[in-house]
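Thanks for passing this one along.

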Amino acid sequence: MERELVVYNSLSGKKEPFVPLLQDHVGMYVCGPTVYSNVHLGNCRTFISFDLIFRYLQHIGYKVRYVRNITDAGHLENDADEGEDRIAKKARLESIEPMEVVQRYTVDFRETMAKFNALPPSIEPTATGHIVEQIELIKQILEQGYAYEVNGSVYFDVLRFNKDIPYGKLSGRNIEELIHNSRALDGQSDKRNPQDFALWKKAEPQHIMRWPSPWSDGFPGWHLECTAMSTKYLGTQFDIHGGGMDLKFPHHECEIAQAESVYKKSPVNYWLHANMLTLNGKKMAKSTGNNILPNEMFSGKNEIFHKSFSPMVARFFMLQAHYRSIVDLSETALVASEKGFYRLVEGIQKIEQLEISESTSEFDLKSWQNKCYAAMNDDFNSPVLIAHLFDAVKFINAVDNGLQTVNSTDRDQLLKLMHGFFNDVLGLLTPEMNEKRQESSQLEGSLQLLMELRDKARANKDFETSDLIRDGLQKIKIQINDTAAGTTFKIN
Ligand code: AMP
Ligand code: ZN
């Protein structure tokens with residue numbers, strides 16, 4: 001039952017049984033953020049959608065290698081390969097080093113995702129850390145004859161590629177249509193055809209992010225990093241590639257072309273796309289200003305809502321919609337989700353205190369459990385799962401009010417299952433769990449600091465201090481170990 005997963009594949013345009021390449025292992029690549037500004041709630045929705053997918057795959061027993069990149073170079077202001085690199089532009093405007101921009105917004109992204117209780121990916125590679133791999137990939141594409149160099153820049157030749165391998169499979173756009181809809185080149189461009197896209201761009205003298213290459217001092221095109229990094233960490237063919245719906249074209253289409261031009265096979269078996277979060281009916285976007293930042297929502301300091309909403313309420317709100325539906329952010333909808341979230345939390349909290357009865361329960365737990373899995377197995381249908389959780393809450397309240405009965409086995413099983421779906425699968429935390437999580441991360445942080453102080457004391461041969469830390473911690477049952485890499489701790 002748990003493994004009868006069916007997913008909607010954007011490539012075929014239909015739902016397909018999910019069969020990984022390697023029986024129990026799943027390779028999943030999700031396009032990460034471009035770190036030139038804070039992530040907005042729209043971006044968060046996409047990453048929360050894939051967190052749900054990551055969690056569910058693990059929940060049903062797969063070992064998942066989840067790779068989510070950080071775009072810290074190469075994403076130009078517009079998709080026609082014109083304009084400045086977004087990060088370099090921000091660095092120029094603020095007179096700081098591009099890597100300071102990258103650091104600031106990468107940290108913001110990680111902190112935000114942690115607030116939403118999203119699990120960190122298994123590997124989080126950066127574009128700037130994989131320039132060598134990207135240059136190698138360009139060389140291979142050139143060798144295959146699907147790219148050309150002009151004035152130190154290298155472009156992918158879409159028409160040439162399309163002669164051998166069809167271009168446009170994912171987005172359903174055929175080449176004639178593309179030619180018809182493309183803006184003519186303005187004479188300034190080095191491209192042969194407007195459909196072509198940059199693999200390498202020669203840097204203008206004022207461009208600060210640049211690397212040496214066989215063609216020029218320059219920087220890679222945005223689409224290239226994902227092909228280079230997904231291949232490096234997941235192989236030339238892997239199970240799942242995801243991202244927001246708006247990345248389908250041109251980004252993912254270009255990824256397919258790059259990979260197929262070299263490896264001659266379809267790089268990804270299942271293309272999954274999460275739909276957009278809108279605000280006032282319009283797509284939330286960094287560039288248009290139609291957006292709200294997570295912290296503005298959590299603090300209530302924004303012009304859009306009259307009150308604040310917690311990260312868990314926002315997460316619950318997003319999961320109440322299927323990941324492939326558009327969701328509009330509104331105060332009315334958030335208030336309704338907040339009520340629902342707390343009704344669910346209260347239901348879960350009541351389970352342990354329910355009075356048990358010897359008679360059989362008036363709730364078919366097994367069939368309820370099957371319905372919950374059936375929902376998630378149907379292309380990760382979290383809204384239907386949540387509706388089933390509310391059915392269980394109705395039953396819990398009925399038992400609490402003496403209207404129905406539950407036996408002890410069912411009560412324990414219900415508690416376990418509710419926690420499984422609520423925490424593990426949906427990634428939700430009750431306020432108590434959130435508090436505990438915060439406390440434990442504070443404890444961990446404090447201990448880490450003590451380890452650093454002890455390493456420093458030992459390096460200075462101040463053994464009195466280092467022993468004081470070790471003995472003091474031992475007294476409160478925290479074991480410490482000296483390793484070549486420094487001191488580590490274990491809470492007994
Ligand atoms: P970016 O940092 O702009 O490259 O976007 C990071 C991720 O957020 C991509 O997967 C986008 O598709 C996704 N995204 C951007 N805007 C929205 C939105 N309004 N709703 C949902 N996802 C979005
Ligand atoms: Zn990507």
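Predicted model: local features only at pLDDT ≥ 70, side-chain atom pairs only at ≥ 80, totals over all residues.

1. Residues are numbered from 1 along each chain as its sequence is written, chains are lettered from A and ligands numbered from 1 in the order in which they are written, and side-chain values use heavy atoms, with hydrogens and water left out.

2. On the overall fold, the protein has 16 helices and 17 strands, which are DSSP runs numbered from the N terminus (helices: H or I, at least four residues; strands: E, at least two). The radius of gyration is 26 Å, close to the 23 Å from the globule rule for 492 residues, so the protein is as compact as a globular protein of that length. The radius is taken over C-alpha atoms, and the rule is 2.2 Å times the number of residues to the power 0.38.

3. How much of the protein is buried? Buried residues make up 52% of the 492 residues, where buried means under 20% relative accessible area, exposed over 50% and partly exposed in between (1.4 Å probe, protein chains only). Of the contacts with a separation of 6 or more, 74% join residues 24 or more positions apart.

4. A few backbone details deserve a look in your viewer. As background, most residues other than glycine have a negative phi, and most peptide bonds are trans. The peptide bond from F249 to P250 is cis, with omega near 0°, and P250 sits in helix α8 (residues 248-263).

5. N151 is not a glycine, yet its phi is positive, about 50°. You will find N151 in the loop between β7 (147-150) and β8 (153-156), and this residue is exposed at 55% relative accessible area.

6. K264, also not a glycine, has a positive phi of about 60°. K264 belongs to the loop between α8 and β12 (268-274) and is partly exposed, with 46% relative accessibility.

Methods
Contact = heavy atoms within 4.5 Å.
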